[in-house]
Amino acid sequence: MVAKRSADINAARTIALSVPDPELPFLTLEDLGIVRNVSIDGDTIVAKLTPTYIGCPAVSVIEKDVFDALTKAGFNARVIRVDSPAWTTDWITDTGRQKLKDNGISPPETKSTSPLAAKNTIALFSQRTVACPHCDSTNTEKLSEFGSTPCKAQYRCLHCREPFDHFKCH
Amino acid sequence: MNPALLHSVVQIADDHLILGHRMSEWCGHAPMLEEDLSMPNMALDMIGQARTLYTYAATIENQGRTEDDFAYLRNDREYLNCLLVERPNGDFAHTMLRQLYFAAYMHPFWEAMHKSTDNTLQALSFKAVKEIAYHIRHCGEWIVRLGDGTDESHERINNAVSALHPYTAELFEVDEQRLAGIELGIFPAQAQLRQVWDKTIDQIFHQAKIKVPRTDFNQSGGRKGLHTEDFGLLLSQLQYLQRAYPGSTW
Ligand SMILES: [Zn+2]
């Protein structure tokens with residue numbers, strides 16, 4: 001299909017925004033805030049995406065998923081990686097944060113609520129207040145800075161005793 | 001094409017690839033599950049940054065080489081990583097200390113690169129600095145636990161310090177190519193990074209109740225392509241697939 005009208009761009013944008021994240025499939029790329037721009041270049045839809053983590057294996061999967069979704073909808077598509085400005089977890093939407101919590105993952109603090117994250121602090125043994133996604137208690141402890149994917153840390157709730165993942169502020 | 005810039009970018013890329021490879025050797029061998037997750041995660045950060053840097057090196061060179069050609073298809077003398085990152089993993093204390101030494105250097109480096117006159121490196125710096133901050137915290141906390149732990153853990157971290165400290169001075173070396181980059185405002189002055197590094201290491205060692213050693217003799221050579229015996233063994237594993245099955249992909 002030769003895309004040329006604004007209706008095509010809108011349709012393509014909706015398709016790109018609704019592609020699910022491969023590791024957290026209940027989140028869309030819109031929720032994650034990684035779709036920078038969808039535009040048209042000649043007869044080709046150009047989707048610009050910001051990678052989350054540099055070494056995250058999901059980044060190339062996401063790019064391929066967007067390309068496939070656009071192609072499947074009949075568009076000539078091109079996906080471009082935009083490195084600057086760097087993605088931050090502040091770009092995760094409120095809907096995205098709620099979905100994380102609903103799925104048992106405590107959402108990242110925002111820069112404005114987390115003085116630690118704002119300064120990229122390297123102070124050792126620093127504690128941040130992370131609320132349990134199950135019972136909302138803030139009586140929690142960190143088990144590990146690293147988890148099952150680069151974006152998550154492991155915590156345990158000392159109130160309801162459930163372990164949970166925390167999406168790291170980045 | 002700017003050959004001096006290419007040289008410096010390859011040095012930094014090689015540091016990350018080789019350290020990432022070393023860290024990945026721990027996968028499945030860590031002393032506990034949390035560390036079995038953390039070390040491959042740090043390896044992933046290192047290798048991810050190496051990929052961006054190699055891709056940029058290929059762009060600067062403009063000879064049709066790819067990131068994979070740089071990573072897999074050079075001979076040992078063409079790798080320009082510092083010797084610190086190729087030191088074998090040793091015990092857990094050695095691995096944590098090696099990572100801390102490197103991260104304590106890269107954190108102020110990437111912070112300073114926010115003001116670099118090079119757009120590609122500047123863009124990378126904003127992501128890399130966040131990743132490397134985790135490495136300092138995670139490894140620094142382990143240095144404190146080990147140093148201020150049992151007699152055995154204290155002895156092990158002290159042995160690691162004795163073995164690895166002589167390799168840290170090379171991080172701050174300035175060759176003529178780097179000097180050209182510093183003068184163009186691409187890279188920060190090394191003396192400025194040394195100050196921050198000293199402060200970070202002093203603080204963590206103080207908390208860990210270990211002494212910062214004075215080393216009169218420093219090891220160096222990697223930046224010029226002169227490596228240790230262990231490096232050949234590392235490369236034979238790193239390059240095995242591409243050497244045995246040239247051009248293979250998946
Ligand atoms: Zn709870």
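How much area is buried between domain 1 of chain A and domain 2 of chain A? The area is about 830 Å², of which carbon and sulfur atoms give 74%; buried area is the accessible area (1.4 Å probe) that two parts lose on being put together, summed over both. This is a predicted model, in which local features need pLDDT of at least 70 and side-chain atom pairs count only at pLDDT 80 or more, while totals for chains, interfaces and linings use all residues. Residues are numbered from 1 along each chain as its sequence is written, chains are lettered from A in the order in which they are written, and side-chain values use heavy atoms, with hydrogens and water left out.

**Domains of chain A**

- Chain A is divided into domain 1 (2–81) and domain 2 (94–167), with bounds that come from an automatic or database domain assignment.
- Contact (heavy atoms within 4.5 Å) joins 9 residues of domain 1 of chain A to 11 residues of domain 2 of chain A.
- The count between these domains is 1 salt bridge, a term for a side-chain nitrogen of Lys or Arg within 4 Å of a carboxyl oxygen of Asp or Glu.
- A salt bridge links the side chains of A:Lys99 and A:Asp31 (2.5 Å, N to O).

**Chain B and chain A**

- The contact takes 33 residues from chain A and 30 residues from chain B.
- Between chain B and chain A, about 2,700 Å² is buried, and carbon and sulfur atoms give 62% of this area.
- Across the interface of chain B and chain A, the rule finds 0 salt bridges.
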